[in-house]
Amino acid sequence: METLKRIISDIKAVRKNDPAAKNYFEIILCHTPLWAILKYRVMHPLAKIGVPILPRFVMTLAKVVTGVEIHPSAKIGKSFFIDHGIGVVIGETAEIGDNCTLFHNVTLGGTGKHSGKRHPTLGNNVYVGTAATLLGPIKIGNNVKIGAETVIIMHDVPSNCTVVGAPGKIVRLNGRKVNIKLKPTKS
């Protein structure tokens, strides 16, 4: 039942966020990033209970068809939206809150230097622009906008801000313009 509720919220998120989506039939038939999300929604509970190989295999097929790579063990909240999708990578220990949006070529990946929790955690209402790269067991707060091509490696991001650049820096915090370097994450 919970899986079905999440699927419905994801479909509604496409309708809300994609101006090209004309109706729900078209969304289900033509929005390929949603196909990857739907497969994830079905495979995640199986991965959670330790079903071997099948969740990874199904998600590998989804990656081949959609260009979106979501590890079935990642944790993703409700109303998740991926726009365009090609090149999106969501790692095994990534966590994504509710009402989050990722654009194409976004990577939520690891650095190769950590074990256990290796991938980013995104709060609620996080918007990640095209080709942004977030690496390591970092925490992104709630209500955060991350600009296109922004690079955040091993730096946490507070809530209610906008981050841009490579390396990323905070340019808006709590509605005010700022210019703040990110603080390194303790690992």
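Modeller: Before we start, contact here means heavy atoms within 4.5 Å of each other. This is a predicted model, in which local features need pLDDT of at least 70 and side-chain atom pairs count only at pLDDT 80 or more, while totals for chains, interfaces and linings use all residues. Residues are numbered from 1 along each chain as its sequence is written, and side-chain values use heavy atoms, with hydrogens and water left out.

Colleague: Fine. Which residues is Thr 150 in contact with, leaving aside its neighbours within four places in sequence?

Modeller: With those neighbours left aside, Thr 150 is in contact with Ala 131, Ala 132, Thr 133, Val 163, Val 164, Gly 165 and Gly 168.

Colleague: And where is Thr 150 found?

Modeller: Thr 150 is in the loop between β12 (145–146) and β13 (151–153), where strands are DSSP runs of E with at least two residues, helices are runs of H or I with at least four, and both are numbered from the N terminus.

Colleague: Does Thr 150 count as buried or exposed?

Modeller: Thr 150 counts as buried because its relative accessibility is 0%; buried means under 20% relative accessible area, exposed means over 50%, and partly exposed is in between, with a 1.4 Å probe and protein chains only.

Colleague: What lies 2.8 Å from a polar atom of its side chain, I mean that of Thr 150?

Modeller: That is the backbone oxygen of Gly 147. A polar contact is a pair of N or O atoms within 3.5 Å; within protein, one must be able to donate a hydrogen and the other to accept it, and residues adjacent in sequence count only if both atoms are side-chain atoms.

Colleague: What about Glu 149, what is its phi?

Modeller: Phi of Glu 149 is near 60°, which is a positive value in a residue other than glycine. Glu 149 also sits in the loop between β12 and β13, but it counts as exposed because its relative accessibility is 57%.

Colleague: Switching to the core, how many residues has the largest one?

Modeller: The largest nonpolar core has 37 residues, and those with the most contacts inside it are Ile 70, Ile 90, Leu 102 and Leu 134. Such a core is a set of buried Ala, Val, Leu, Ile, Met, Phe, Trp, Tyr and Cys residues joined through side-chain atoms within 4.5 Å.

Colleague: Which elements give two or more residues to this core?

Modeller: They are α3 (32–48), α4 (54–66) and β14 (161–164), and α3 gives the largest share, 4 residues. Apart from this core lies another one, of 8 residues, among them Ile 7, Ile 11, Val 14 and Leu 34.

Colleague: What does Leu 134 touch, not counting residues up to four places away in sequence?

Modeller: Leu 134 touches Thr 107, Leu 108, Gly 109, Pro 120, Leu 122, Val 128, Ile 140, Ile 146 and Ile 152 on that count.

Colleague: Last topic, which side chain does that of Thr 93 make a polar contact with?

Modeller: The partner is the side chain of His 119, at 2.7 Å. Thr 93 lies in the loop between β4 (89–90) and β5 (95–96), and it is buried because its relative accessible area is 18%.
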